[in-house]
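Colleague: Walk me through this two-chain model. Keep it brisk, and give me the cut-offs as you go.

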Amino acid sequence: MKEDTVKLISAEGFEFVVDKKAAMVSQTIRNMLTSPGSFAETEHGEVTFPEISTPILEKICQYFYWSLQFSSGKETEFHIEPEITLELMMAANYLHT
Amino acid sequence: MAMYIRVKRHKTTYFIQCDPTETTLDIKQKLQALIDQPSNNQQLTLVATNDILDDLKTLAEQKVENDAVVGLALRKGLFCIPFVN
């Protein structure tokens with residue numbers, strides 16, 4: 001594993017390898033990865049979310065990257081399928097994104 | 001950051017930051033750092049069209065766009081039968 005990537009693991013055990021910079025769009029993940037003391041999360045760069053399902057976690061990762069693109073001046077829309085809206089909002093609330 | 005692609009294999013998805021002008025080989029080299037597999041053992045397929053990506057062509061040429069899903073296959077075993085002309 002590279003130093004500047006983190007692995008986010010969904011409820012079903014699917015893994016998403018994203019850049020640390022992208023994952024830190026989420027305040028919750030940022031706190032997990034940067035808090036002092038040697039937490040397992042900080043050391044291995046792996047965070048498991050037993051409460052977030054795979055499609056939602058993937059959407060969240062896409063959002064991280066969209067957010068980075070948007071802040072660097074690219075104006076595209078972030079499409080959200082209506083059927084996942086509620087679950088996505090609950091996850092976003094938990095992750096402070 | 002210009003764009004990213006999602007490279008998938010088994011239960012894992014790698015989000016790779018890249019540029020439309022980069023070649024498939026550039027992507028494979030980025031993957032090499034993540035998965036410890038040399039680039040010549042990797043095969044990338046654009047899932048939307050089922051096209052195998054050519055090492056020397058750029059992403060733009062092969063219509064690999066932002067947020068595209070690319071499948072990753074790895075060569076099995078240590079030996080590879082050479083192609084006889």
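Modeller: Strand 2 of chain A and strand 2 (residues 12-18) of chain B run parallel, joined by 3 bridges. Strands are DSSP runs of E, at least two residues, and helices are runs of H or I, at least four residues, numbered from the N terminus. Two strands pair if DSSP finds at least two bridges between them. The model is predicted: local features need pLDDT of at least 70, side-chain atom pairs count only at pLDDT 80 or more, and totals for chains, interfaces and linings use all residues. Residues are numbered from 1 along each chain as its sequence is written, chains are lettered from A and ligands numbered from 1 in the order written, and side-chain values use heavy atoms, without hydrogens and water.

Colleague: Which residue is the bridge partner of A:Val17 in strand 2 of chain B?

Modeller: Strands of a sheet pair through backbone hydrogen bonds, either parallel or antiparallel. Here the two strands are parallel. The partner of A:Val17 is B:Tyr14.

Colleague: In what order do the 8 strands of the open sheet run?

Modeller: The pairing in this sheet is mixed. The order is 3(A)-1(A)-2(A)-2(B)-1(B)-5(B)-3(B)-4(B).

Colleague: Which residue stands opposite B:Arg6 in strand 5 of chain B?

Modeller: Strand 1 (residues 3-9) of chain B has an antiparallel link to strand 2 of chain B, over 7 bridges. There B:Arg9 is partnered by B:Thr12. Strand 1 of chain B also pairs with strand 5 (residues 68-74) of chain B, in the parallel sense over 4 bridges. In that strand 5, B:Arg6 faces B:Val69.

Colleague: And which residue of strand 5 of chain B is the bridge partner of B:Thr45?

Modeller: Strand 3 (residues 42-46) of chain B pairs with strand 5 of chain B in the antiparallel sense, over 5 bridges. The partner of B:Thr45 is B:Gly71.

Colleague: How much area do chain A and chain B bury between them?

Modeller: Contact means heavy atoms within 4.5 Å. It takes 18 residues from chain A and 17 residues from chain B. In chain A, A:Val17, A:Tyr65 and A:Gln69 lose the most area to chain B, together 32% of what that side buries. Buried area (accessible area lost on being put together, 1.4 Å probe, summed over both parts) comes to about 1,600 Å², 51% of it on carbon and sulfur atoms.

Colleague: How many salt bridges does the rule find across the interface of chain A and chain B?

Modeller: Over all chains the count is 7. A:Glu58 also forms one with B:Arg6, at 2.7 Å between the closest N and O atoms. Across the interface the rule finds 2.

Colleague: Which feature does UniProt place at residues 1-76 of chain B?

Modeller: Over that stretch the chain is 16% helix and 37% strand, with the end C-alpha atoms 34 Å apart. UniProt annotations may be inferred rather than shown by experiment. The unreviewed entry gives "domain: Ubiquitin-like".

Definitions and conventions. Buried area = accessible area lost by both parts, 1.4 Å probe. Salt bridge = Lys/Arg side-chain N within 4 Å of Asp/Glu carboxyl O.
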